[in-house]
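Please look over the sequence and the model below before reading on.

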Amino acid sequence: MKKRFPAVLLLLAGILFAAKDITPYEDGYIYTDAMRSTLYFYNGGLQTLVSAPGAGYYYTLSADQHLLGFKWREVPGGPEAPALLDLKSGEITLLHAPADRAGQVSFTKHGDHAFTIGDSLFVGKPGTYKRYDLGTYANLAPVSPDGKRAVYNDRSDRLWILGLEDGERLCISEDGYGSVLPSWSPDGRYVAYHVLNGDLKIYDTLADKTFHAGKGADLRWSGVPGEFAHTRVTLDENGGIANTAVVVRDVGGNTLFSTESPDAMETDPAFSADGSLLYMRDGKAVKSTIDKRLKKDSGEAGAPGALPVDPVYFEQEAPGADSYLDIPYVHQVYDTPGPRGYSSCAPATAAMVMAYYDILPAWPFRSGFGNWNDYGAYVHERYHYNAYSFDLDYRDCNTAETSCYTCYGGMGYMWTGGSPSSRMRGYYEKHGMSASQSWNTSWSTVAAEIDKKVPFSICNYLSGSGHLIAAAG
(Lines give C-alpha, C1' and ligand atoms only; values in the text may rest on other atoms or scores of the structure.)
Protein backbone atom coordinates (compact mmCIF):
# COMPACT_ATOMS: atom_id res chain seq x y z
CA MET A 1 0.00 0.00 0.00
CA LYS A 2 1.33 3.41 -0.91
CA LYS A 3 1.71 5.95 1.88
CA ARG A 4 -0.40 9.10 1.78
CA PHE A 5 1.72 12.20 1.18
CA PRO A 6 0.66 15.65 2.40
CA ALA A 7 2.38 19.03 2.04
CA VAL A 8 6.15 19.09 2.54
CA LEU A 9 7.76 21.70 4.77
CA LEU A 10 11.00 23.15 3.44
CA LEU A 11 13.52 25.29 5.08
CA LEU A 12 18.01 25.40 3.78
CA ALA A 13 23.13 23.74 3.05
CA GLY A 14 26.85 23.21 4.77
CA ILE A 15 30.28 21.97 5.69
CA LEU A 16 31.82 20.56 8.86
CA PHE A 17 35.45 20.53 9.92
CA ALA A 18 36.97 17.95 12.30
CA ALA A 19 37.79 20.33 15.18
CA LYS A 20 35.02 22.74 16.19
CA ASP A 21 34.37 25.47 18.75
CA ILE A 22 38.00 26.00 19.74
CA THR A 23 38.72 27.91 22.95
CA PRO A 24 42.26 28.92 23.98
CA TYR A 25 42.96 27.63 27.50
CA GLU A 26 46.21 28.01 29.43
CA ASP A 27 48.99 26.76 27.12
CA GLY A 28 46.68 24.88 24.76
CA TYR A 29 43.17 24.60 23.35
CA ILE A 30 39.82 23.13 24.35
CA TYR A 31 37.65 22.02 21.44
CA THR A 32 35.14 19.43 20.28
CA ASP A 33 34.75 17.21 17.21
CA ALA A 34 32.36 17.57 14.28
CA MET A 35 29.82 15.34 16.07
CA ARG A 36 30.29 17.44 19.24
CA SER A 37 30.40 14.30 21.35
CA THR A 38 33.87 14.68 22.87
CA LEU A 39 35.66 17.59 24.54
CA TYR A 40 39.43 17.66 24.15
CA PHE A 41 42.37 19.58 25.56
CA TYR A 42 45.43 19.78 23.33
CA ASN A 43 48.81 21.33 24.12
CA GLY A 44 51.05 19.10 22.03
CA GLY A 45 49.42 16.00 23.49
CA LEU A 46 45.75 15.05 23.24
CA GLN A 47 43.66 14.70 26.42
CA THR A 48 40.01 13.66 26.42
CA LEU A 49 38.09 15.75 28.96
CA VAL A 50 34.57 14.41 28.44
CA SER A 51 33.09 11.86 26.05
CA ALA A 52 29.29 11.75 25.99
CA PRO A 53 26.64 12.22 23.30
CA GLY A 54 26.37 15.91 22.46
CA ALA A 55 28.66 17.05 25.28
CA GLY A 56 30.48 19.47 22.99
CA TYR A 57 27.42 21.50 22.05
CA TYR A 58 27.50 25.04 23.50
CA TYR A 59 30.02 24.24 26.23
CA THR A 60 31.07 27.21 28.38
CA LEU A 61 33.97 28.23 30.64
CA SER A 62 33.63 30.08 33.94
CA ALA A 63 35.19 33.55 34.20
CA ASP A 64 38.18 32.16 36.12
CA GLN A 65 38.45 29.27 33.60
CA HIS A 66 38.31 26.79 36.46
CA LEU A 67 35.00 25.15 35.50
CA LEU A 68 33.63 23.92 32.19
CA GLY A 69 29.85 23.77 31.80
CA PHE A 70 28.22 21.22 29.50
CA LYS A 71 25.24 18.89 29.19
CA TRP A 72 25.66 15.25 30.15
CA ARG A 73 23.86 12.27 28.60
CA GLU A 74 24.44 8.57 29.05
CA VAL A 75 22.99 7.61 25.64
CA PRO A 76 21.93 9.58 22.54
CA GLY A 77 18.43 10.92 23.01
CA GLY A 78 18.33 9.87 26.66
CA PRO A 79 17.74 12.00 29.77
CA GLU A 80 20.17 14.89 30.12
CA ALA A 81 21.62 16.89 32.97
CA PRO A 82 23.50 20.19 33.27
CA ALA A 83 26.99 19.42 34.50
CA LEU A 84 30.29 20.97 35.56
CA LEU A 85 33.78 19.67 34.85
CA ASP A 86 36.52 20.82 37.23
CA LEU A 87 39.41 21.39 34.83
CA LYS A 88 41.98 20.97 37.61
CA SER A 89 40.73 17.79 39.28
CA GLY A 90 38.81 16.27 36.34
CA GLU A 91 35.75 15.75 38.59
CA ILE A 92 32.31 15.92 36.95
CA THR A 93 29.35 17.21 38.98
CA LEU A 94 25.74 16.90 37.82
CA LEU A 95 23.82 20.01 38.84
CA HIS A 96 20.43 18.31 38.61
CA ALA A 97 19.05 14.82 38.20
CA PRO A 98 18.81 13.78 34.51
CA ALA A 99 15.61 15.05 32.91
CA ASP A 100 13.88 15.01 29.54
CA ARG A 101 14.49 18.76 29.04
CA ALA A 102 17.64 20.21 30.54
CA GLY A 103 19.48 23.29 29.32
CA GLN A 104 23.07 24.36 28.86
CA VAL A 105 25.18 25.90 31.63
CA SER A 106 26.15 29.58 31.71
CA PHE A 107 28.23 31.53 34.24
CA THR A 108 28.26 34.96 35.88
CA LYS A 109 31.55 36.79 36.45
CA HIS A 110 31.05 36.29 40.19
CA GLY A 111 31.08 32.48 40.01
CA ASP A 112 27.36 31.69 39.98
CA HIS A 113 25.98 29.53 37.20
CA ALA A 114 22.62 29.04 35.51
CA PHE A 115 20.75 26.28 33.69
CA THR A 116 17.21 25.28 32.75
CA ILE A 117 15.10 22.26 33.67
CA GLY A 118 11.78 22.18 31.84
CA ASP A 119 10.26 25.66 31.93
CA SER A 120 12.37 26.77 34.90
CA LEU A 121 15.64 28.70 35.05
CA PHE A 122 17.93 28.07 38.03
CA VAL A 123 20.61 30.62 39.01
CA GLY A 124 23.12 30.45 41.86
CA LYS A 125 25.20 27.69 43.42
CA PRO A 126 24.24 24.15 44.51
CA GLY A 127 21.94 24.37 47.52
CA THR A 128 21.21 28.09 47.03
CA TYR A 129 19.58 28.18 43.59
CA LYS A 130 16.88 30.71 42.83
CA ARG A 131 14.18 29.47 40.46
CA TYR A 132 12.53 31.55 37.74
CA ASP A 133 9.55 30.50 35.59
CA LEU A 134 10.27 31.17 31.90
CA GLY A 135 6.92 29.83 30.75
CA THR A 136 8.69 27.76 28.09
CA TYR A 137 11.63 25.40 27.73
CA ALA A 138 14.82 27.01 26.40
CA ASN A 139 17.97 24.97 25.87
CA LEU A 140 20.02 28.18 25.84
CA ALA A 141 19.11 30.76 28.50
CA PRO A 142 22.44 32.42 29.30
CA VAL A 143 22.62 34.62 32.37
CA SER A 144 24.26 38.05 32.05
CA PRO A 145 27.78 38.51 33.46
CA ASP A 146 26.43 40.51 36.43
CA GLY A 147 23.77 37.86 37.13
CA LYS A 148 20.88 40.32 36.90
CA ARG A 149 19.31 39.24 33.58
CA ALA A 150 18.87 36.19 31.37
CA VAL A 151 17.99 35.88 27.67
CA TYR A 152 15.98 32.98 26.25
CA ASN A 153 13.86 31.75 23.29
CA ASP A 154 10.12 31.28 23.45
CA ARG A 155 8.24 28.60 21.50
CA SER A 156 8.18 30.79 18.38
CA ASP A 157 11.94 31.41 18.58
CA ARG A 158 11.57 35.01 19.69
CA LEU A 159 14.21 36.24 22.13
CA TRP A 160 13.30 37.72 25.51
CA ILE A 161 15.37 39.34 28.26
CA LEU A 162 14.14 38.52 31.78
CA GLY A 163 15.09 40.82 34.65
CA LEU A 164 15.97 38.49 37.52
CA GLU A 165 15.42 41.20 40.14
CA ASP A 166 12.18 42.81 38.93
CA GLY A 167 10.70 40.05 36.73
CA GLU A 168 10.27 42.38 33.75
CA ARG A 169 10.39 40.79 30.28
CA LEU A 170 11.44 42.49 27.04
CA CYS A 171 11.21 40.95 23.55
CA ILE A 172 14.37 41.96 21.64
CA SER A 173 14.02 40.08 18.34
CA GLU A 174 11.82 40.92 15.39
CA ASP A 175 8.96 38.89 13.97
CA GLY A 176 9.37 37.07 10.66
CA TYR A 177 12.35 34.79 11.19
CA GLY A 178 13.33 32.73 14.21
CA SER A 179 16.23 34.05 16.33
CA VAL A 180 18.63 31.67 18.09
CA LEU A 181 21.99 31.28 19.84
CA PRO A 182 21.96 34.38 22.10
CA SER A 183 25.22 35.42 23.81
CA TRP A 184 26.05 38.27 26.20
CA SER A 185 29.01 40.58 25.65
CA PRO A 186 31.54 40.41 28.52
CA ASP A 187 30.38 43.80 29.85
CA GLY A 188 26.72 42.73 29.70
CA ARG A 189 25.62 45.61 27.48
CA TYR A 190 24.97 43.69 24.26
CA VAL A 191 23.19 40.50 23.26
CA ALA A 192 24.31 38.92 19.97
CA TYR A 193 22.12 36.39 18.20
CA HIS A 194 21.69 34.53 14.91
CA VAL A 195 18.60 34.83 12.71
CA LEU A 196 17.48 31.77 10.78
CA ASN A 197 17.80 33.60 7.45
CA GLY A 198 21.59 33.75 8.04
CA ASP A 199 21.79 37.26 9.55
CA LEU A 200 23.76 38.19 12.67
CA LYS A 201 22.26 40.83 14.94
CA ILE A 202 23.33 42.58 18.14
CA TYR A 203 20.90 44.21 20.57
CA ASP A 204 22.13 47.19 22.62
CA THR A 205 20.40 47.04 26.02
CA LEU A 206 21.29 50.65 26.88
CA ALA A 207 20.23 52.28 23.60
CA ASP A 208 17.36 49.82 23.02
CA LYS A 209 18.27 49.32 19.36
CA THR A 210 19.56 46.51 17.16
CA PHE A 211 22.69 46.46 15.00
CA HIS A 212 22.72 44.29 11.85
CA ALA A 213 26.12 42.58 11.47
CA GLY A 214 25.47 41.00 8.05
CA LYS A 215 25.38 37.37 6.92
CA GLY A 216 27.48 34.98 8.95
CA ALA A 217 27.90 32.64 11.89
CA ASP A 218 30.19 31.70 14.81
CA LEU A 219 30.05 35.07 16.58
CA ARG A 220 32.55 35.41 19.45
CA TRP A 221 33.07 38.44 21.72
CA SER A 222 36.56 39.78 22.38
CA GLY A 223 37.80 41.32 25.63
CA VAL A 224 37.44 44.82 24.12
CA PRO A 225 33.99 46.34 24.82
CA GLY A 226 31.73 46.21 21.77
CA GLU A 227 34.21 44.20 19.66
CA PHE A 228 33.52 40.78 18.19
CA ALA A 229 34.58 38.32 15.50
CA HIS A 230 32.44 36.19 13.24
CA THR A 231 32.52 34.04 10.13
CA ARG A 232 31.33 36.04 7.12
CA VAL A 233 29.60 33.96 4.45
CA THR A 234 29.74 35.08 0.80
CA LEU A 235 27.21 33.51 -1.55
CA ASP A 236 27.51 33.06 -5.30
CA GLU A 237 24.86 34.00 -7.86
CA ASN A 238 23.05 30.69 -7.25
CA GLY A 239 22.92 31.08 -3.49
CA GLY A 240 25.75 28.61 -2.83
CA ILE A 241 28.73 29.29 -0.58
CA ALA A 242 31.45 31.04 -2.57
CA ASN A 243 33.76 31.80 0.35
CA THR A 244 33.95 32.26 4.10
CA ALA A 245 36.22 34.69 5.96
CA VAL A 246 36.83 35.64 9.57
CA VAL A 247 36.01 39.28 10.31
CA VAL A 248 36.65 41.38 13.44
CA ARG A 249 34.17 44.24 13.85
CA ASP A 250 32.70 46.58 16.43
CA VAL A 251 29.13 47.56 17.19
CA GLY A 252 29.71 50.89 15.47
CA GLY A 253 29.81 49.01 12.16
CA ASN A 254 33.57 49.32 11.67
CA THR A 255 35.51 46.41 10.17
CA LEU A 256 38.76 46.12 12.13
CA PHE A 257 40.22 43.08 10.41
CA SER A 258 39.36 40.46 7.80
CA THR A 259 41.22 37.37 6.61
CA GLU A 260 40.14 37.93 2.98
CA SER A 261 41.63 34.74 1.52
CA PRO A 262 39.80 33.99 -1.75
CA ASP A 263 41.40 30.54 -2.07
CA ALA A 264 40.72 29.37 1.51
CA MET A 265 37.75 28.88 3.82
CA GLU A 266 38.19 30.46 7.27
CA THR A 267 35.74 29.84 10.10
CA ASP A 268 35.33 29.44 13.89
CA PRO A 269 37.04 32.54 15.33
CA ALA A 270 38.04 32.83 18.99
CA PHE A 271 40.14 35.25 21.03
CA SER A 272 43.07 34.38 23.29
CA ALA A 273 43.67 36.14 26.59
CA ASP A 274 46.49 38.15 24.97
CA GLY A 275 44.11 39.48 22.30
CA SER A 276 45.41 37.32 19.46
CA LEU A 277 42.89 35.73 17.11
CA LEU A 278 42.41 32.03 16.57
CA TYR A 279 40.48 30.62 13.60
CA MET A 280 40.22 27.62 11.31
CA ARG A 281 41.59 27.74 7.76
CA ASP A 282 40.61 24.79 5.58
CA GLY A 283 40.43 22.51 8.62
CA LYS A 284 43.62 23.69 10.36
CA ALA A 285 43.82 26.06 13.30
CA VAL A 286 45.69 29.34 12.83
CA LYS A 287 46.63 31.69 15.67
CA SER A 288 47.70 35.17 14.61
CA THR A 289 48.02 38.69 15.88
CA ILE A 290 46.00 41.31 14.05
CA ASP A 291 46.89 44.85 13.08
CA LYS A 292 43.69 46.85 13.47
CA ARG A 293 45.29 49.95 11.99
CA LEU A 294 46.18 48.14 8.77
CA LYS A 295 43.16 45.82 9.11
CA LYS A 296 45.19 42.71 8.33
CA ASP A 297 47.21 39.86 9.80
CA SER A 298 50.57 40.88 11.18
CA GLY A 299 51.83 37.31 11.07
CA GLU A 300 51.07 33.92 12.57
CA ALA A 301 51.93 33.53 16.24
CA GLY A 302 52.34 29.85 16.99
CA ALA A 303 49.76 28.27 14.72
CA PRO A 304 48.58 24.96 16.26
CA GLY A 305 47.78 23.45 12.85
CA ALA A 306 45.58 20.37 12.59
CA LEU A 307 43.97 19.59 15.95
CA PRO A 308 43.59 15.83 16.45
CA VAL A 309 40.33 14.05 17.27
CA ASP A 310 39.52 10.40 17.93
CA PRO A 311 36.61 8.37 16.52
CA VAL A 312 33.63 8.34 18.89
CA TYR A 313 31.13 5.48 19.16
CA PHE A 314 28.02 5.22 21.31
CA GLU A 315 25.51 2.42 21.63
CA GLN A 316 22.00 3.58 20.87
CA GLU A 317 18.77 1.70 21.47
CA ALA A 318 16.53 1.68 18.40
CA PRO A 319 13.56 4.05 18.90
CA GLY A 320 10.04 2.68 19.07
CA ALA A 321 7.97 2.49 15.89
CA ASP A 322 5.50 4.99 17.37
CA SER A 323 8.15 7.73 17.68
CA TYR A 324 10.34 7.21 14.61
CA LEU A 325 9.49 7.21 10.90
CA ASP A 326 11.07 4.47 8.82
CA ILE A 327 12.64 6.65 6.12
CA PRO A 328 15.05 5.03 3.63
CA TYR A 329 18.51 6.50 4.23
CA VAL A 330 20.72 8.17 1.61
CA HIS A 331 24.11 9.51 2.68
CA GLN A 332 24.84 12.61 0.59
CA VAL A 333 28.51 11.61 0.06
CA TYR A 334 28.82 7.84 0.42
CA ASP A 335 25.52 6.73 -1.17
CA THR A 336 25.55 8.97 -4.25
CA PRO A 337 27.20 8.21 -7.62
CA GLY A 338 29.93 10.83 -7.91
CA PRO A 339 33.18 11.48 -6.03
CA ARG A 340 31.76 14.64 -4.46
CA GLY A 341 28.53 14.84 -2.52
CA TYR A 342 29.47 17.49 0.01
CA SER A 343 26.93 20.02 -1.31
CA SER A 344 24.18 17.45 -1.93
CA CYS A 345 22.32 17.56 1.37
CA ALA A 346 19.16 19.04 -0.22
CA PRO A 347 18.66 16.55 -3.09
CA ALA A 348 19.65 13.66 -0.79
CA THR A 349 17.02 14.83 1.71
CA ALA A 350 14.38 15.07 -1.04
CA ALA A 351 15.23 11.56 -2.23
CA MET A 352 14.67 10.19 1.27
CA VAL A 353 11.35 11.97 1.75
CA MET A 354 10.02 10.87 -1.65
CA ALA A 355 11.26 7.31 -1.08
CA TYR A 356 9.25 7.21 2.16
CA TYR A 357 6.08 8.08 0.23
CA ASP A 358 6.86 5.50 -2.50
CA ILE A 359 6.98 8.28 -5.08
CA LEU A 360 10.37 7.19 -6.39
CA PRO A 361 10.83 3.54 -7.38
CA ALA A 362 13.92 1.76 -6.09
CA TRP A 363 16.90 2.29 -8.39
CA PRO A 364 19.73 0.09 -7.09
CA PHE A 365 22.99 1.88 -7.80
CA ARG A 366 26.56 1.47 -6.63
CA SER A 367 27.99 4.75 -5.34
CA GLY A 368 31.38 6.25 -6.03
CA PHE A 369 32.46 4.85 -2.65
CA GLY A 370 31.29 1.31 -3.43
CA ASN A 371 28.00 1.42 -1.48
CA TRP A 372 24.77 0.06 -2.92
CA ASN A 373 21.73 2.29 -2.37
CA ASP A 374 18.19 2.20 -3.81
CA TYR A 375 17.71 5.98 -4.05
CA GLY A 376 21.13 7.68 -4.13
CA ALA A 377 21.24 7.73 -7.95
CA TYR A 378 18.37 10.26 -8.02
CA VAL A 379 20.68 12.78 -6.35
CA HIS A 380 23.23 12.99 -9.21
CA GLU A 381 22.09 10.92 -12.23
CA ARG A 382 19.74 11.79 -15.12
CA TYR A 383 16.21 10.40 -14.84
CA HIS A 384 12.65 10.98 -16.10
CA TYR A 385 9.52 11.39 -13.98
CA ASN A 386 6.00 12.39 -15.10
CA ALA A 387 7.35 13.25 -18.58
CA TYR A 388 9.92 15.64 -17.06
CA SER A 389 13.63 15.04 -17.65
CA PHE A 390 15.87 15.85 -14.70
CA ASP A 391 18.93 16.35 -16.88
CA LEU A 392 20.06 19.88 -16.00
CA ASP A 393 23.79 19.81 -15.32
CA TYR A 394 25.67 21.45 -12.44
CA ARG A 395 29.45 21.44 -12.08
CA ASP A 396 30.27 20.92 -8.40
CA CYS A 397 33.85 21.85 -7.43
CA ASN A 398 35.91 22.28 -4.30
CA THR A 399 37.11 25.77 -3.38
CA ALA A 400 40.37 25.50 -5.35
CA GLU A 401 38.53 23.88 -8.30
CA THR A 402 41.05 21.05 -8.32
CA SER A 403 38.25 18.48 -7.99
CA CYS A 404 35.04 18.89 -9.99
CA TYR A 405 32.09 16.66 -10.87
CA THR A 406 29.14 17.27 -13.22
CA CYS A 407 25.85 16.40 -11.52
CA TYR A 408 22.35 15.90 -12.90
CA GLY A 409 19.16 14.67 -11.22
CA GLY A 410 18.09 16.49 -8.06
CA MET A 411 21.45 18.23 -7.67
CA GLY A 412 21.38 19.59 -11.21
CA TYR A 413 17.79 20.81 -10.85
CA MET A 414 18.24 22.55 -7.49
CA TRP A 415 21.53 24.29 -8.32
CA THR A 416 20.71 25.42 -11.88
CA GLY A 417 19.25 28.91 -11.97
CA GLY A 418 19.06 29.10 -8.20
CA SER A 419 19.73 27.05 -5.09
CA PRO A 420 17.74 24.73 -2.79
CA SER A 421 16.29 27.77 -1.04
CA SER A 422 14.53 28.78 -4.26
CA ARG A 423 14.34 25.50 -6.21
CA MET A 424 13.65 22.68 -3.74
CA ARG A 425 9.94 23.38 -3.49
CA GLY A 426 9.60 23.17 -7.29
CA TYR A 427 11.55 19.92 -7.28
CA TYR A 428 8.95 18.34 -4.98
CA GLU A 429 6.08 19.75 -7.01
CA LYS A 430 7.44 18.27 -10.26
CA HIS A 431 7.07 14.88 -8.56
CA GLY A 432 3.37 15.52 -7.90
CA MET A 433 3.73 16.63 -4.28
CA SER A 434 2.07 19.58 -2.61
CA ALA A 435 4.80 21.69 -1.00
CA SER A 436 5.00 24.80 1.16
CA GLN A 437 8.05 26.66 2.41
CA SER A 438 8.50 28.34 5.78
CA TRP A 439 11.38 30.49 7.05
CA ASN A 440 10.01 30.73 10.57
CA THR A 441 9.14 27.19 11.63
CA SER A 442 8.86 26.74 15.40
CA TRP A 443 9.68 23.61 17.35
CA SER A 444 5.99 23.03 18.09
CA THR A 445 5.28 22.94 14.33
CA VAL A 446 8.09 20.45 13.76
CA ALA A 447 6.88 18.20 16.58
CA ALA A 448 3.29 18.32 15.33
CA GLU A 449 4.31 17.20 11.83
CA ILE A 450 6.27 14.24 13.21
CA ASP A 451 3.34 13.32 15.48
CA LYS A 452 1.20 13.12 12.31
CA LYS A 453 3.78 10.72 10.79
CA VAL A 454 4.80 13.33 8.24
CA PRO A 455 8.50 13.49 7.33
CA PHE A 456 9.74 16.72 5.83
CA SER A 457 12.84 18.68 4.86
CA ILE A 458 14.23 21.01 7.49
CA CYS A 459 17.32 23.18 7.68
CA ASN A 460 19.12 22.92 11.00
CA TYR A 461 22.02 24.94 12.38
CA LEU A 462 24.80 22.34 12.15
CA SER A 463 26.78 24.93 10.19
CA GLY A 464 26.63 28.64 9.55
CA SER A 465 25.06 28.13 6.15
CA GLY A 466 22.57 25.55 7.42
CA HIS A 467 22.30 21.83 6.67
CA LEU A 468 19.26 20.08 5.22
CA ILE A 469 18.03 16.82 6.75
CA ALA A 470 14.90 14.71 6.63
CA ALA A 471 13.12 15.07 9.97
CA ALA A 472 12.25 11.56 11.09
CA GLY A 473 11.37 11.59 14.78
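Which residues in the largest nonpolar core touch the most other members? In this predicted model, they are M354, M414, Y427 and Y428, in a core of 43 residues. Helix α1, residues 345-356, gives the most to this core, with 10 residues. Leaving aside residues up to four places away in sequence, M354 touches I359, L360, Y427, Y428, H431 and M433.

Helix α1 can be taken next. Its 12 residues should span 16 Å at 1.5 Å a residue, and the end C-alpha atoms lie 17 Å apart, which agrees. In an α-helix there are 3.6 residues a turn, so residues three or four places apart point the same way. In α1, however, burial takes in 12 of 12 residues, and the helix is mostly covered. The buried residues include C345, P347 and T349 as well as M352, V353, M354 and Y356. The cover over them includes the helices α2 (377-380), α3 (409-415) and α4 (420-429). Strands β35 (456-460) and β36 (467-471) are also among the elements that cover the buried residues of α1. Just after the helix, D358 takes a positive phi of about 60 degrees.

The charged side chains come next. The structure holds 12 salt bridges. One of them pairs D268 with K20, at 3.4 Å from N to O. This pair links distant parts of the chain, 248 residues apart: D268 is in strand β24 (residues 266-271) and K20 in strand β2 (residues 19-25). D268 and K20 are both buried.

The N to O distance between the side chains of R281 and E266 is 3.1 Å. How do the two partners stand in terms of exposure, buried or partly exposed? E266 has a relative accessible area of 0%, so it counts as buried. R281 has a relative accessibility of 25% and therefore counts as partly exposed, since buried means under 20% and exposed over 50%.

A further salt bridge joins the side chains of E80 and K71, at 3.4 Å from N to O. Both E80 and K71 are buried. Through salt bridges that share partners, K71, R73 and E80 form one network.

Key. Residues are numbered from 1 along each chain as its sequence is written. This is a predicted model: local features need pLDDT of at least 70, side-chain atom pairs count only at pLDDT 80 or more; totals for chains, interfaces and linings use all residues. Side-chain values use heavy atoms; hydrogens and water are left out. A salt bridge is a side-chain nitrogen of Lys or Arg within 4 Å of a carboxyl oxygen of Asp or Glu. Helices (H or I, at least four residues) and strands (E, at least two) are DSSP runs, numbered from the N terminus. Buried means under 20% relative accessible area, exposed over 50%, partly exposed in between (1.4 Å probe, protein chains only). A nonpolar core is a set of buried Ala, Val, Leu, Ile, Met, Phe, Trp, Tyr and Cys residues joined through side-chain atoms within 4.5 Å. Contact means heavy atoms within 4.5 Å. The expected span of a helix is 1.5 Å times one less than its number of residues.
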